[in-house]
Amino acid sequence: MTASSPAPRVDHPLPAQVSASRKRIPPVIIGAAIAFGLVCGCFEITNTSIGWHVASGRWMLSQGEILDHDVLSYTSGGAEWIDHEWLFQVLVATLFDLGGPPLLVVFRMLVVAGLMVLLLRIGASSGLDPPVALLLASLCVLAARPRFFVRPELATLVLLPLALWLFAGRRGRRWWPLPLLFVIAAGANLHGAILVAPILVSVWFAGEILDQLIHRRPDRSALVSGATGVAAAFVAPIFNPHGPAIWTVPFTLAELVRQPHIPNPEWLSPGPADAPSLYLALILAGVVLLAGSRAPQSWLSLVATASLALKHIRNIGVFFVLLPQTTAPALARWPLFSGSGSADDPRRRPRFVICLALVALLGVTAAVRPWPAAGFSFAERWYPDRAWRFLTDHDLLDGRLYNDVRFGGWLSLQGEPLRQVFIDDRNEIHESLLAEIWAIFSRSDVGAWEELLDRWRIDTVLLRYHEPIRVATPDGRDLGRRGFSTLWFPAERWATVYWDDVAMILVRRSSVSDEFLAAREYRHLHPDDLEHLKIRLHEEPGLRSAVVPELRRALDDDPLCRRARSLAADLGLLTGPG
């Protein structure tokens, strides 16, 4: 370089800067990060898969082997299964048996707190003032919070930013590929999405190469260490019980979710109305990089993570937890946010107070969010706990139980020994059954549906609520909107015997006694068909005398049932508040 040559632009801190920035993080900032993570992780469990994860872990702990076939459903025929999440399942099964749902929530709180500290470190090591790094981490964690289910994805949301941080900050460190190898190998036994890590590492490395080409400053040691890291990242996932077969999992799932009979909202592409925070973050990140960075690795990483998030809703969390690695170096170039100033810089104390106040406000926002509500249990609005008690109290589980996808995982947890279910949300296990059901519903083939129920010898049905379906006669006459249960479980064969705000129970008439039906059947009141019932009550005033006793029985079963109270209010049966 000649005396007149411009100094090369440095967008990322040198190791000395990284070390210094770590020392500058005050304990109060680390404490605030931990507190914010604990608050963001403290809410009720709502995901559909937690049950079958725990049940799988229990089976492996009791049998002393890793699952390679399905044992949870009676319809799969023991299908082969690449259980790439086995380690997470063993972990949550152990926690669940030790402390139930509260311990699972505490586990999530600790994981999110660890994620907060990691993102704080990433921001501070990029040159941000620690309070600013705390605020950036808090915004990203709050935006990713809807993805903090108690399921294997939680591990990926921590391990992905950790892997990329290890790679980006590798210079000057001996044996650094070993931690990277360990992190990705551990992830390969916790959640299949860790397979994104080698790709993201490669993208970052490509940016580093491009940066060297642009500035004409080749760095052989950086190239060698980067190539070594990329190789380690691609090799690491094979350290799992299924070996290289794990690489087939994402392609199999991606192919499945493109099929019309496997509608999975998580695999949809989010629009601005679905994820406004994502689109706002993309705009702000672009502005930040335009104003403060020309580092190709930052731009390529932003494009890669944005592409993942814009393709599938389920990747929005990944985008936000990787955002500090992408944007913090550019933000640190702004004096307002930089941590490189002197300790007596007059801007630092107001910045400290403002950032902590904003983080506290964000924490309160997370804590008071109505859904999912703060708590340490399964969400009552999500799982059929009351309905399950009715099934057990009335001995309705001797035969096989039909359930839809949402309840399958939770039902796997109920009862000992392991109770097999009709279906759960593992698309790769139930693909053929889902295809059959989709074909039946597409043809409105009631006969084929009854044959399916008979084939599996189903006597009891546990249903969640579906939107009413508009029905027409063959000649096109509109019959109005009707409930799912009235169409697919006709009254001549099936009787509704219980319902609440979460689920309803139907039984095959031939499987129960006449005395039970006389005491428990809802002959006129079907909770998913209330629109039609209200029309009938208007047209047939005499029907009220038959509906009111059934409605009172439903309110006796559950005085707080919103569906029952809404109908009771329409009929003038409620005189008090609420």
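**Helix packing in context**

The secondary structure of the protein comprises 23 helices and six strands, where helices (H or I, at least four residues) and strands (E, at least two) are DSSP runs, numbered from the N terminus. This is a predicted model, in which local features need pLDDT of at least 70, side-chain atom pairs count only at pLDDT 80 or more, and totals for chains, interfaces and linings use all residues. Residues are numbered from 1 along each chain as its sequence is written, and side-chain values use heavy atoms, with hydrogens and water left out.

The C-alpha trace spans about 100 × 55 × 55 Å along its principal axes. Of the 578 residues of the protein, 53% count as buried, that is, under 20% relative accessible area with a 1.4 Å probe and protein chains only.

Two packed helices are described by the angle between their axes and the distance between the axes. Helix α5 (residues 130-144) packs with helix α14 (residues 348-367) at an angle of about 20°, and their axes are 8 Å apart. Here axes are lines fitted to C-alpha atoms, for helices over the stretch in contact, and angles run from 0 to 180 degrees between N-to-C directions. The helices α5 and α14 are therefore roughly parallel to each other, a term for angles under 35 degrees. Their crossing is left-handed, meaning that the near helix is turned anticlockwise from the far one by less than a right angle.

On the α5 side, the residues in contact (heavy atoms within 4.5 Å) include Pro130, Leu134, Leu135 and Leu142. On the α14 side, Arg348, Arg351, Phe352 and Leu362 are among them. By class, this contact of α5 with α14 has 14 nonpolar, one polar and two charged residues. Ala, Val, Leu, Ile, Met, Phe, Trp, Tyr, Cys and Pro count as nonpolar, Asp, Glu, Lys and Arg as charged, and the others, Gly among them, as polar.

The axes of helix α3 (residues 50-63) and helix α4 (residues 86-125) come within 7 Å and cross at roughly 110°. Helices α3 and α4 are therefore roughly perpendicular to each other, which covers 65 to 115 degrees. Among the residues that meet are Trp52 and Met60 in α3, and Trp86 and Phe96 in α4. The contact of α3 with α4 divides into 11 nonpolar, five polar and two charged residues.

Terms used:
Parallel < 35°, antiparallel > 145°, perpendicular 65-115°, else oblique. Buried < 20%, exposed > 50% of the residue type's maximum accessible area, 1.4 Å probe, protein only.
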